Amino acid sequence: KSMDGGAHWSRARDRDGVITEQSDVYKVAISRSRPEIMHLAVFQNSRGRVLKSDDGGAVFREIYAVTQDRYGVFDVHVSPFSPEEAMIATGEGRLLETRNSGGTWRLAHTFSEAVVRLTVNPAFPSERYAITSKGAIAKTFDAGRTWSSIDAASEPGSALSQGEIHNPYENWGFGFSSSSSSFDFAIDPSNPAVLYIARGERLLVSRDGGFSWRRITTLIAGKGTALGGVAVHPN
């Protein structure tokens, strides 16, 4: 944790030891309305879990665990209006949501493969994107009640098949990148109709919400190096 914009860092330690030293932390989600409340998506003790802190990380408690060993929880989205409402993405292919801080959970949608990313439009939180371990993208306009697929393979002059996204942990429900391939997704916060995909060494952009795509030239194109991620400046 840093309190000075990243100049200095200190280890965040849970007073009760709910987070283990061996935990893999996939996501830290801080409440916009109450920043002292945070959710973690972690993998520990053979399962993906969601931990919640109400005091800035001094104490955590577990509010969810997947139903099978070796499957992860990869992403958490917390409502910008209520820290009690959250949606999570799991390696079991499930999107689940709670409206009472994990007291009860509802199955919002099931996919045929692991869901490794849940990206939410910051201007319209009901518009969300789910990305699977094989690079498939689905979009919802109604906070997850209905979904439609986005085809990012039809950029002019090229075809991108899902087979290019190798997932070495597919049977574990783990992540979606390797040393030779990668996949990432981002929304332009100033114009949510603009989407970016980093796929292998290719960077794609859509300016119509994912209906059409074109490739952007990068410095690494053709040099055998994969893009590790993509981010958009807020201005």
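**Group meeting talk: strands, a core and some salt bridges**

Okay, let's start on the outside. Val25, Val28 and Ile30 form a nonpolar patch on the surface, and together they have about 250 Å² of accessible area. A patch here is made of residues with over 30% relative accessible area and no salt bridge, where like charges are joined within 9 Å and nonpolar side chains (Val, Leu, Ile, Met, Phe, Trp, Tyr) within 5 Å. The accessible areas come from the Shrake-Rupley method with a 1.4 Å probe, and for residues only the protein chains shown count as cover.

Before I go on, a word on what you're looking at: this is a predicted model, where local features need pLDDT of at least 70 and side-chain atom pairs count only at pLDDT 80 or more, while totals for chains, interfaces and linings use all residues. Residues are numbered from 1 along each chain as its sequence is written, and side-chain values use heavy atoms, with hydrogens and water left out.

Val25 sits in strand β1, residues 24-30. Strands, by the way, are DSSP runs (E, at least two residues), as helices are (H or I, at least four), and they're numbered from the N terminus. Is Val25 buried, exposed or partly exposed? Partly exposed, because its relative accessible area is 44%. The cut-offs are under 20% for buried, over 50% for exposed, and partly exposed in between, with a 1.4 Å probe and protein chains only. For contrast, look at Leu219 in the segment after β16 (214-216). Leu219 has a relative accessible area of 77%, so it counts as exposed.

Now a sheet. Strands of a sheet pair through backbone hydrogen bonds, either parallel or antiparallel. We say two strands pair if DSSP finds at least two bridges between them. Here there's an open sheet of four strands in the order β5-β6-β7-β8, and the pairing is antiparallel. Which strands are at the edges? Those are β5 (73-78) and β8 (106-110), each pairing on one side only. Neighbouring strands in this sheet are turned by 20° against each other on average, direction ignored. That angle is taken between N-to-C directions on a scale from 0 to 180 degrees, using axes that are lines fitted to C-alpha atoms (for helices, over the stretch in contact). Inside the sheet, β6 (residues 86-90) and β7 (residues 94-98) are joined by four bridges. One to find on screen: Met87 has Glu97 in β7 as its bridge partner.

Let's move to β10. Five of its five residues are buried. On one side you have Arg128, Ala130 and Thr132, and on the other Tyr129 and Ile131, so both faces are covered. What does β10 pair with? Strand β9 (residues 115-120) runs antiparallel to β10, with five bridges between them, and Val115 stands opposite Thr132. Strand β11 (residues 137-140) also pairs with β10 in the antiparallel sense, over four bridges. Tyr129 has Lys139 in β11 as its bridge partner. The hairpin of β10 and β11 has four residues between the strands, and Gly135 takes a positive phi near 90° there.

Tyr129 comes up again in the largest nonpolar core. In soluble globular proteins, nonpolar side chains tend to be buried together. A nonpolar core is a set of buried Ala, Val, Leu, Ile, Met, Phe, Trp, Tyr and Cys residues joined through side-chain atoms within 4.5 Å. The largest one has 14 residues, and those touching the most other members are Tyr129, Ile131, Ile137, Phe185, Leu195, Ile197 and Trp213. Two or more residues each come from β10 (128-132), β13 (183-187) and β14 (195-199). The largest share, three residues, is from β13.

Last topic: salt bridges, meaning a side-chain nitrogen of Lys or Arg within 4 Å of a carboxyl oxygen of Asp or Glu. How many does the structure hold? Twelve. In one of them, Arg117 and Asp184 meet at 2.6 Å, N to O. Arg117 lies in β9 and Asp184 in β13, so the pair ties together parts that are 67 residues apart in sequence. Arg117 is partly exposed at 22%, whereas Asp184 is buried at 10%. Another one links Glu62 and Arg49, with the closest N and O atoms 3.2 Å apart. Glu62 is in β4 (residues 61-65) and Arg49 in β3 (residues 47-53), so this pair ties together parts 13 residues apart in sequence. There's also a network of salt bridges linking Arg11, Arg13 and Glu21. That's my tour, thanks!
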